[in-house]
Amino acid sequence: MTSLKWWQTAVFYQIYPRSFADGNGDGIGDFKGIIEKLDYLKDLGVDALWLSPHYPSPNWDCGYDISDYCSVAPEYGTLDDFKTFLAESHKRGIRVILDLVLNHTSDEHPWFLESKSSRDNPKADWYVWMDGTPPISEGNGGSRRGVPNNWQSCFDGDAWTYVPERGQYYYHYFMKQQPDLNWRNPEVKQAMWNVVRFWLDLGVDGFRLDAIGTIYEDPSLTPHTVPMNLAQLRRASELARTPAEKKQIEKYWYDMFKHQWGGPGLHDLMKELRAILDEYDGDRMLVGEDDDIAYMGDGGDELHLVFNFPLMRTERITPDHIRRNQKERLTRLEALPVKGWQCNTLGNHDTSRLFTRYGDRQHDSSLARLHAALVLTLKGTPFLYNGEEIGMTDLIITDPSKLRDTMATWYYHSLVNDLGVDPAEAALRAGEMSRDKNRTPMQWNNAPNGGFSPPGVQTWLPVNPNYKEGINVRDQLHNPNSLLNYYKNLLRVRRNTPALVEGEYIPLHPRAEDYFAFLRQTSAQTVLVILNFSNNKLELSFSRTAALKDKSLHLLFSSAVHSHTDLSPKSLHLGAFEVFIAEVK
Ligand code: NOJ
């Protein structure tokens with residue numbers, strides 16, 4: 001019996017509801033579709049779902065601009081459909097966490113409509129309002145701005161938008177359709193805690209907290225010192241070539257936003273929220289969209305998990321990168337008064353798909369298998385993103401009128417109109433930076449529309465045509481060598497091998513450049529994992545590793561073929577890109 005909590009042993013799977021399964025044939029995913037796929041998820045072997053926002057939204061930011069926190073987007077169904085989804089998930093032993101967007105609401109949320117209506121309405125102080133002089137358009141296309149300071153929105157230029165009714169500006173870290181709430185106002189807190197209770201009362205198992213770092217900004221509004229605006233910085237990032245240029249750009253990104261992140265107050269806020277969850281039974285949990293371990297408090301009084309984003313912040317996943325990352329993260333987590341637990345992921349709805357991002361265009365399929373094995377064997381809770389299990393790839397949309405990610409549309413117009421970039425080049429850049437590429441509909445079979453929607457229906461984003469080339473669930477279910485069956489097998493091995501879930505992590509051969517080898521060890525079981533990141537066969541010996549001395553290995557899983565399942569750690573032969581998992585006997 002493990003002493004770990006469910007959120008430590010579970011494998012999470014992120015559902016992006018708009019793109020997961022279209023149950024009513026309107027081109028948009030919905031709860032009916034998700035419910036129909038729960039058996040698939042059970043069979044895949046995941047234990048918990050993270051549902052990206054399912055609330056009513058004008059969709060300027062694909063659901064992350066919420067206009068009603070206690071309801072369901074009509075295109076996804078009704079609250080009753082949600083309840084059915086939750087009950088059906090729980091019936092299958094699958095937990096559900098929701099996406100909770102605390103920093104901002106939609107500008108169509110009734111709270112904001114009231115707040116912006118005057119300076120003295122009851123919600124006048126629910127958002128971040130500042131004085132400034134009205135923007136005055138000048139001749140020749142120029143404009144004189146009266147904004148409170150030079151802060152930028154990370155999505156669409158100025159972080160301040162003027163409202164004539166109040167003669168003031170409101171602050172938005174994200175789009176202007178996403179005004180920041182004023183969390184220093186206790187009424188805001190109460191209103192949001194009511195939302196939290198609403199969903200907890202319905203039985204959800206926890207929340208993924210969106211963009212928590214942006215909740216509090218520097219109260220003195222210290223201006224940034226970067227000599228460019230957002231669009232110029234994005235463009236400069238694209239054009240940076242040398243390591244020195246890239247380093248400078250990285251510093252600019254940090255400097256541009258450092259006053260808008262991590263303002264004082266967040267730890268107390270997270271403690272308050274945690275206390276609410278702890279009132280409920282069932283170990284409800286919080287995972288923060290942040291990598292800062294400090295937001296776990298003492299390990300028991302703030303967030304349960306933060307994502308190990310540094311693992312994915314690299315152009316290539318290498319053994320050296322993994323070892324350094326694990327050492328740094330685990331050392332910090334273990335130093336917390338209540339030991340912290342790691343949370344690994346290699347992709348989500350904001351990032352290029354892992355198959356594309358970490359592929360090399362020659363060995364993509366082998367690399368995808370290595371990366372899946374990495375996330376599923378490292379110590380910590382793994383988060384998978386829908387579609388990665390069948391190797392879905394990015395689909396770059398080069399027609400700007402077809403983009404649905406409005407921050408990319410904004411960037412396209414800035415490139416063409418403000419920076420004079422050629423429209424064809426701008427379209428490509430916008431398509432590449434757009435998150436649409438990694439949000440296309442799930443590919444269920446090789447029928448038209450990939451089985452996501454009925455044939456002939458216009459889907460909300462185009463379906464990647466590679467569903468016809470075997471990148472779809474049905475074809476892969478029938479193919480024993482498919483990526484999907486590989487994930488299923490790996491998930492099964494993980495579930496049946498306690499050391500892979502609970503065991504300590506002990507890195508081996510710390511200087512190996514081609515492969516990453518480590519043990520996962522409990523008092524009852526030791527497992528050796530080797531991930532060969534090279535295209536070469538390897539002959540390895542672990543005769544000097546104390547835990548393996550005079551032992552034999554029993555093969556649990558391999559992506560290659562071994563003629564024997566009992567092997568000697570003194571001389572192991574691994575194939576190119578092999579994933580090797582064996583129990584020490
Ligand atoms: C982080 C979410 O993951 C992203 O999709 C969204 O655009 C921003 N937060 C704003 O809510």
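The tour starts with the whole chain, then moves to sheets, helices and loops.

**The whole chain**

Note one thing before you start: this is a predicted model. The secondary structure comes to 19 helices and 23 strands. The radius of gyration is 25 Å, close to the 25 Å that the globule rule gives for 585 residues, so the chain is as compact as a globular protein of that length. Along the principal axes, the C-alpha atoms fill a box of roughly 80 × 55 × 50 Å.

The accessible surface of the chain is about 23,400 Å². Carbon and sulfur atoms hold 50% of that surface. Buried residues make up 60% of the 585 residues.

How far apart in sequence are the residues that meet? Take the contacts with a separation of 6 or more: residues 24 or more positions apart account for 69% of them.

Colour by charge next. The chain has 63 positive and 77 negative charges. Their mean positions are 6 Å apart.

Which strands lie at the edges?

Show the side chains of Pro 507 and Phe 518: Pro 507 stands opposite Phe 518 in strand 17.

Go to the other end of the order. Select strand 20, residues 553-558. On one pairing, two bridges join strand 20 to strand 21, residues 566-567, in the antiparallel sense. Find His 554 there, which stands opposite Asp 566 in strand 21. Strand 20 also pairs with strand 23, residues 579-584, over five antiparallel bridges. Pick Ser 558 to see this pairing: its bridge partner in strand 23 is Phe 580.

Stay in this region and select Phe 577. This residue lies in the loop between strand 22 (572-574) and strand 23. Most residues other than glycine have a negative phi. Is Phe 577 buried or exposed? Phe 577 has a relative accessible area of 9%, so it is buried, as the cut-off for buried is under 20%.

Move to residues 129-130, which are strand 4. Here an open sheet of three strands has the order 4-10-9, with antiparallel pairing. Strand 4 and strand 9 (160-163) are the edge strands, each pairing on one side only. Strand 10 covers residues 168-171 and runs antiparallel to strand 4, with two bridges between them. Click on Met 130: its bridge partner in strand 10 is Tyr 169.

Select residues 406-418 for helix 15, and find Ser 414 in it. What is the relative accessibility of Ser 414? The value is 4%, so Ser 414 counts as buried. Leaving aside neighbours within four places in sequence, Ser 414 is in contact with Ala 231 and Leu 419.

Next, select helix 16, residues 423-433. Its buried residues are Ala 426, Ala 427, Arg 429, Ala 430, Gly 431 and Met 433. What covers them? The cover includes helix 8 (230-239) and helix 15.

**Two loop stops**

Select Gly 470, in the loop between helix 16 and helix 17 (473-477). Gly 470 is partly exposed, with a relative accessible area of 23%. Not counting residues up to four places away in sequence, Gly 470 touches Asp 475 and Gln 476. Draw a distance line from Gly 470 to Glu 272. Their C-alpha atoms are 48 Å apart, and the two residues are 198 apart in sequence.

Finish at Asn 59, in the loop between strand 2 (48-51) and helix 5 (79-91). Asn 59 has a phi near 65 degrees, a positive value in a residue other than glycine.

Note on methods. Residues numbered from 1 in each chain as written. Predicted model: local features only at pLDDT ≥ 70, side-chain atom pairs only at ≥ 80, totals over all residues. Heavy atoms only, no water. Pairing = 2+ DSSP bridges. Helix = DSSP H or I, 4+ residues; strand = E, 2+ residues; numbered from the N terminus. Rg over C-alpha atoms; globule rule 2.2 N^0.38 Å. Buried < 20%, exposed > 50% of the residue type's maximum accessible area, 1.4 Å probe, protein only. Contact = heavy atoms within 4.5 Å. Areas by Shrake-Rupley, 256 points an atom, 1.4 Å probe, with all protein chains shown as cover. Lys, Arg positive; Asp, Glu negative; His and termini not counted. Charge placed at Lys NZ, Arg CZ, Asp CG, Glu CD.
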